[in-house]
Amino acid sequence: MIRVLFVCLGNICRSPMAEAVFRDLVDKENLTDRIDADSGGIGDWHSGESPHKGTRELLDKYQIGYKEIKARQVNLSDWGDFDYIIAMDEQNRKDMQNLSNKAGDAKLAKLMDFVQDPQEENIPDPYYTGNFDYTYELISEGCNELLRYIRTENNI
Ligand code: 4NP
């Protein structure tokens, strides 16, 4: 199983949105037996909570499921448990890098690294911007390109 972890700061806005969108794409491409996804936050303030209302409303709008998703903090073992660790912004990427003890060999990147000529290098945080639609637009594009990349790299 190829395992993908999406990481943001609080794990209630961006990374659960990315997890849900990516899972939906994997499902539509009939790859649920090959690729799994999870998400986590650098901070633990929202551990156990469902995604933010704005993220829930947006996923409802696009009929993308998120019922099982509950916030959790990232930890050292994620480095061994996942093949790809995908950060929403540069600060998340650095924080994740700092957590590494080189125990695992997960590939660490930002979601927008997979998009050619991206509108943004970092996914803006709707917890602060309030703009969940724009965040979704970027996450959707990023997840599509990430899935293309993973399929090519793993010949699936
Ligand atoms: P996220 O947004 O990283 O996209 O989940 C945030 C959610 C909560 C907080 C920060 C960012 N917070 O400080 O509680």
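Student: Where does Gln63 lie?
Tutor: This is a predicted model: local features need pLDDT of at least 70, side-chain atom pairs count only at pLDDT 80 or more, and totals for chains, interfaces and linings use all residues. Helices (H or I, at least four residues) and strands (E, at least two) are DSSP runs, numbered from the N terminus. Gln63 lies in the loop between H2 and helix H3 (78–81).

Student: Gln63: buried or exposed?
Tutor: Residues are numbered from 1 along each chain as its sequence is written, and side-chain values use heavy atoms, with hydrogens and water left out. Buried means under 20% relative accessible area, exposed over 50%, and partly exposed in between (1.4 Å probe, protein chains only). Gln63 has 73% relative accessibility, so it counts as exposed.

Student: What is the phi of Gln63?
Tutor: Most residues other than glycine have a negative phi. Gln63 is not a glycine, yet its phi is positive, near 55°.

Student: And what is the phi of Asn30?
Tutor: Asn30 is in the loop between H1 and strand E2 (35–41). Asn30 is exposed, at 65% relative accessible area. It is not a glycine, but its phi is positive, at about 55°.

Student: At what angle do H1 and H2 pack?
Tutor: Two packed helices are described by the angle between their axes and the distance between the axes. Axes are lines fitted to C-alpha atoms, for helices over the stretch in contact, and angles run from 0 to 180 degrees between N-to-C directions. The axes of H1 and helix H2 (residues 53–61) are 10 Å apart, and the angle is about 20°.

Student: Roughly parallel or oblique: what is H1 to H2?
Tutor: Angles under 35 degrees count as roughly parallel, over 145 as roughly antiparallel, 65 to 115 as roughly perpendicular and the rest as oblique. The angle of H1 to H2 is about 20°. That makes the pair roughly parallel.

Student: Which residues of H2 make the contact with H1?
Tutor: Contact means heavy atoms within 4.5 Å. H1 brings Met17, Ala20 and Val21. From H2 come Thr55, Leu58 and Leu59.

Student: How many nonpolar residues does the contact of H1 with H2 have?
Tutor: Ala, Val, Leu, Ile, Met, Phe, Trp, Tyr, Cys and Pro count as nonpolar, Asp, Glu, Lys and Arg as charged, and the others, Gly among them, as polar. This contact has one polar and no charged residues. Its nonpolar residues number five.

Student: At what angle do H1 and H6 pack?
Tutor: Helix H1 covers residues 14–28 and helix H6 covers residues 132–153. Their axes are 9 Å apart. The angle is about 50°, and the pair is therefore oblique; the value is about 50°.

Student: Left-handed or right-handed: what is the crossing of H1 and H6?
Tutor: A crossing is left-handed if the near helix is turned anticlockwise from the far one by less than a right angle, and right-handed if clockwise. The crossing of H1 and H6 is right-handed.

Student: How many nonpolar residues does the contact of H1 with H6 have?
Tutor: From H1, the contact includes Met17, Val21, Phe22 and Leu25; from H6, Ile139, Cys143, Leu146 and Ile150 are among them. By class, three residues are polar and one is charged. The nonpolar residues number 13.

Student: Which residues in H6 do those of H2 meet?
Tutor: H2 and H6 pack at about 60°, with axes 10 Å apart, and are therefore oblique to each other. H2 brings Gly54, Thr55, Leu58 and Lys61. In H6 they meet Phe132, Asp133 and Tyr136.

Student: Which residues does Leu146 touch?
Tutor: Leu146 sits in helix H6 and is buried, at 0% relative accessibility. Its C-alpha is 7.3 Å from that of Leu111, 35 residues away in sequence. Not counting residues up to four places away in sequence, Leu146 touches Val4, Phe6, Phe22, Ile86, Leu111 and Phe114.

Student: How many disulfides does a search of the whole structure find?
Tutor: A disulfide is a pair of cysteine sulfur atoms within 2.5 Å. The sulfur of Cys8 is 7.1 Å from its closest cysteine sulfur, in Cys13, too far for a bond. The sulfur of Cys143 is 12 Å from its closest, in Cys8, again too far. The number found is zero.
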